[in-house]
Amino acid sequence: MARASVVGAGMTKFGVHDTPLQELFGDAAFEAFDDAGVGPDEVEALYFGNAMGGQTENVTHLGPQCATHVGMAGKPVQRYEDACATSANAFKNAVEAVESGRHDVVLVGGVERCTPETGKDTDEMTRIFASASHRQYEQPTGLTFPGVFALLTKRHMHEHGTTEEQLAEVAVKNHGHGSLNPKAHFGKETTVEEALDGPVVADPFRLMDCCPFSDGAAAVVLVSDDLADSFDAPVDVTGVGHATDIVPLADKETPHVTKAARDAARQAYEQAGVSADDVDFAEVHDCFTGAEVLASEALGLVEDGQGGVAAAEGRTSRDGDIPINASGGLKAKGHPIGATGAAQIVELTEQVRGEAGEHQLDGVSRGVAHNLGGDAATTVVSVMEARA
């Protein structure tokens with residue numbers, strides 16, 4: 001049974017933008033309005049995600065500014081900040097609001113700028129990203145997020161024998177997928193040899209194991225189950241799970257299993273009445289290649305310890321038995337963190353509709369999105385499927 005339905009979707013190209021945040025968000029929102037065939041006067045509320053505008057651009061009251069720009073001044077706006085899971089959290093709360101009857105039609109989306117167009121260079125932006133780590137126990141050590149996910153991945157390599165070559169296969173796959181997506185930050189394919197020849201960022205990650213800092217926005221129009229049939233091509237939201245894990249990293253019992261992702265996936269599957277075996281494709285939070293390996297196992301798409309093997313064997317490629325990140329994922333599509341979760345919902349919507357262009361997958365009707373925040377301590381998992 002549908003908890004809500006997406007009836008309109010829009011996103012900007014992810015990459016480098018010199019556009020103010022409210023205008024960048026407007027580009028995605030207006031596309032979503034047009035896709036749904038609604039105007040802003042028909043939308044009752046905005047559920048909005050932006051994680052770092054205060055730190056990067058001295059913008060802290062962005063919700064009403066974006067609502068004003070898209071013609072929704074006077075409507076209620078809820079702003080969410082949950083590190084990289086920011087707009088997935090906004091989406092979850094919007095689904096609950098529509099399902100409860102509080103609203104019938106809402107706009108959900110997010111926007112972020114993370115490139116040097118903000119005036120912040122890579123070192124400064126890395127410091128800002130690290131503000132999502134534990135202030136007392138992790139930040140004083142200099143631990144950044146490449147380091148966090150390197151630690152998780154090294155433990156996975158120790159436990160399961162995952163290799164650097166298998167991580168490189170994830171990068172090659174996602175860059176290949178991204179080359180087919182005109183809205184991806186990077187449209188260039190790469191090879192295992194190039195990936196393994198890159199400079200080390202945080203062992204075992206080399207440059208091609210890491211996603212870029214990106215600018216961009218994404219938005220969807222969400223309606224109640226009762227209204228969905230009055231729109232063209234609604235895509236049902238049948239499950240949304242949301243879980244957290246212990247912070248700091250050192251206190252997690254088995255960090256590489258990403259417990260929050262497993263808990264959120266179980267909730268989402270139970271709500272949807274499906275299992276991982278029923279999922280046709282997935283968009284997962286591959287901020288680093290190792291993160292995709294961990295996510296593919298936490299979602300139950302492959303057996304524990306087989307995430308790297310599955311990538312190397314082509315199982316998670318476009319023509320594999322469980323395609324992962326056909327959009328290019330964060331690794332190639334890009335990662336404007338406040339927009340990333342909403343962009344995954346846009347991708348699921350377009351794939352299920354059969355409207356994903358050159359990177360369209362064959363015969364898919366049910367997809368799952370996995371968006372994490374911080375050291376995987378927050379995870380939101382959403383199941384979406386074609387309306388019966």
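# Cysteines, sheet and helix contacts

Student: Hi! How far is the sulfur of Cys-287 from the closest cysteine sulfur?
Tutor: It is 5.9 Å from the sulfur of Cys-211, which is too far for a bond. A disulfide would need the two sulfur atoms within 2.5 Å. Keep in mind that this is a predicted model.

Student: Is Cys-287 buried or exposed?
Tutor: Cys-287 is buried, as its relative accessible area is 5%.

Student: How many disulfides does the structure hold, then?
Tutor: Zero disulfides are present. Cys-66 is in none either, and the nearest cysteine sulfur to it, in Cys-114, is 15 Å away.

Student: And is Cys-66 buried or exposed?
Tutor: Cys-66 counts as buried, because its relative accessibility is 0%. Cys-66 also turns up in a helix contact, among the residues of α3 that touch α1.

Student: Nice link. At what angle do α1 and α3 pack?
Tutor: Helix α1 (residues 21–36) and helix α3 (residues 62–69) pack at about 50°, and their axes are 9 Å apart. The two helices are therefore oblique to each other, and their crossing is right-handed.

Student: Which residues make that contact?
Tutor: On the α1 side they are Leu-21, Gln-22, Glu-23, Phe-25, Gly-26 and Phe-30. From α3 come Leu-62, Gln-65, Cys-66 and His-69.

Student: What about α4 and α14, how do their axes cross?
Tutor: The axes of helix α4 (residues 86–100) and helix α14 (residues 337–353) cross at roughly 55° and come within 5 Å. That makes α4 oblique to α14.

Student: Which residues of each helix make the contact there?
Tutor: Helix α4 brings Thr-86, Ser-87, Ala-88 and Phe-91. Helix α14 brings Gly-338, Ala-339, Thr-340, Gly-341, Ala-342 and Ile-345.

Student: Let's switch to the sheet. What is the strand order?
Tutor: It is an open sheet of nine strands with mixed pairing, in the order β3-β2-β4-β7-β1-β8-β11-β10-β9. Strands β3 (77–80) and β9 (281–283) stand at the edges with a single partner each, so one side of each has no neighbour in the sheet. On average, neighbouring strands are turned by 25° against each other, direction ignored.

Student: In which sense does β9 pair with β10, parallel or antiparallel?
Tutor: Parallel: β9 and strand β10 (residues 366–373) pair over three bridges.

Student: Which strands does β8 pair with?
Tutor: Strand β1 (residues 4–11) pairs with β8 in the antiparallel sense over three bridges. Strand β11 (residues 378–386) also runs antiparallel to β8, joined by nine bridges.

Student: How far apart are Glu-124 and Val-16 in sequence and in space?
Tutor: They are 108 residues apart in sequence, and 17 Å apart in space from C-alpha to C-alpha.

Notes:
Residues are numbered from 1 along each chain as its sequence is written. This is a predicted model: local features need pLDDT of at least 70, side-chain atom pairs count only at pLDDT 80 or more; totals for chains, interfaces and linings use all residues. Side-chain values use heavy atoms; hydrogens and water are left out. Buried means under 20% relative accessible area, exposed over 50%, partly exposed in between (1.4 Å probe, protein chains only). Two strands pair if DSSP finds at least two bridges between them. Helices (H or I, at least four residues) and strands (E, at least two) are DSSP runs, numbered from the N terminus. Axes are lines fitted to C-alpha atoms, for helices over the stretch in contact, and angles run from 0 to 180 degrees between N-to-C directions. Angles under 35 degrees count as roughly parallel, over 145 as roughly antiparallel, 65 to 115 as roughly perpendicular and the rest as oblique. A crossing is left-handed if the near helix is turned anticlockwise from the far one by less than a right angle, and right-handed if clockwise. Contact means heavy atoms within 4.5 Å.
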